[in-house]
Amino acid sequence: MSSAQVNILSLCIFLSKVLSEKNTTFNTIFIDDPIQHLDGINLLSFIDVLRTITTDFERQIVISTHNEQFYKLLKVKMDERYYPSKFIELTSTGKIKW
């Protein structure tokens with residue numbers, strides 16, 4: 001398997017386990033830099049899955065990334081006007097841009 005395929009498989013297993021938990025009061029999913037080695041189609045599909053999780057499963061997802069292109073793509077595909085999303089950018093040590 002390629003590294004992209006391994007990454008997608010890992011994300012699928014992680015998300016299916018998290019979403020199968022019914023007796024939890026903590027509805028937040030934390031993901032650190034999930035897009036390593038993802039190609040364009042898998043990246044767009046992953047964002048679609050994130051949108052579905054936030055709307056259909058009513059889960060909050062917190063993603064940290066260093067990839068500015070991924071950040072900008074998320075801002076477009078999960079526009080705050082249509083989805084319950086917030087974006088925070090760390091501009092330098094101790095400085096936050098909302």
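Reader: Is Y71 buried or exposed?
Author: The relative accessible area of Y71 is 16%. Buried means under 20% relative accessible area, exposed means over 50%, and partly exposed lies in between, with a 1.4 Å probe and protein chains only. By that cut-off, Y71 is buried.

Reader: What pLDDT do local features need in this model?
Author: Residues are numbered from 1 along each chain as its sequence is written, and side-chain values use heavy atoms, with hydrogens and water left out. The model is predicted: totals for chains, interfaces and linings use all residues, side-chain atom pairs count only at pLDDT 80 or more, and local features need pLDDT of at least 70.

Reader: Which residue forms an aromatic pair with Y71?
Author: Rings of Phe, Tyr and Trp (its six-membered ring) pair if their centres lie within 6.5 Å; planes under 30 degrees apart are stacked, over 60 edge-to-face, and the rest tilted. The structure holds two such pairs. The one with Y71 is edge-to-face, at 6.0 Å centre to centre and 85° between the planes, and its other ring belongs to F87.

Reader: How many residues apart in sequence are the parts that the pair of Y71 and F87 ties together?
Author: Helices (H or I, at least four residues) and strands (E, at least two) are DSSP runs, numbered from the N terminus. Y71 lies in helix α3 (residues 68-77), whereas F87 is in the loop between α3 and β3 (89-92). F87 is buried at 12% relative accessibility. The separation in sequence between the parts that this pair ties together is therefore 16 residues.

Reader: What class of aromatic pair do F26 and F30 form?
Author: Both F26 and F30 are exposed. Their ring centres are 6.1 Å apart and their planes meet at 20°, so the pair is stacked.

Reader: Which residues of α3 are buried, and what arc do they cover?
Author: The buried residues of α3 are F70, Y71 and L74. The arc is taken from the directions from the helix axis to the C-beta atoms. These residues are on the same side of α3, because the arc they cover is only 100°.

Reader: What covers the buried residues of α3, and which exposed residues are on the face turned away from its buried side?
Author: The cover of the buried residues includes α2, β2 and β3. The face of α3 turned away from its buried side carries the exposed residues Q69 and V76.

Reader: How much space lies in the largest pocket?
Author: On a 1 Å grid over the protein atoms alone, a cavity is a set of points where a 1.4 Å probe fits but cannot get out, and a pocket is an open set with protein on both sides within 12 Å along at least five of seven lines; lining residues have an atom within 4 Å of a point. Grid points are joined across faces, edges and corners, and a volume is the space filled by probe spheres set on the points. For the largest pocket this gives about 750 Å³.

Reader: Which element gives the most to the lining of the largest pocket?
Author: Of the 22 lining residues, those closest to the centre are I63, Y71, K86, F87 and I88. The elements that give two or more residues are α2, β2, α3 and β3. With five residues, the element that gives the most is β2.

Reader: How many residues of that lining are charged?
Author: Ala, Val, Leu, Ile, Met, Phe, Trp, Tyr, Cys and Pro count as nonpolar, Asp, Glu, Lys and Arg as charged, and the others, Gly among them, as polar. The lining of the largest pocket has 11 nonpolar residues and seven polar ones, while the charged residues number four.

Reader: Which residues does T65 touch, not counting residues up to four places away in sequence?
Author: T65 lies in the loop between β2 and α3 and is partly exposed at 28% relative accessible area. Contact means heavy atoms within 4.5 Å. On that basis T65 touches D33, F70 and Y71.

Reader: What is the phi of D33?
Author: Most residues other than glycine have a negative phi. D33 is in the loop between β1 (28-32) and α2 (40-56), and is buried at 14% relative accessible area. Although D33 is not a glycine, its phi is positive, at about 45°.
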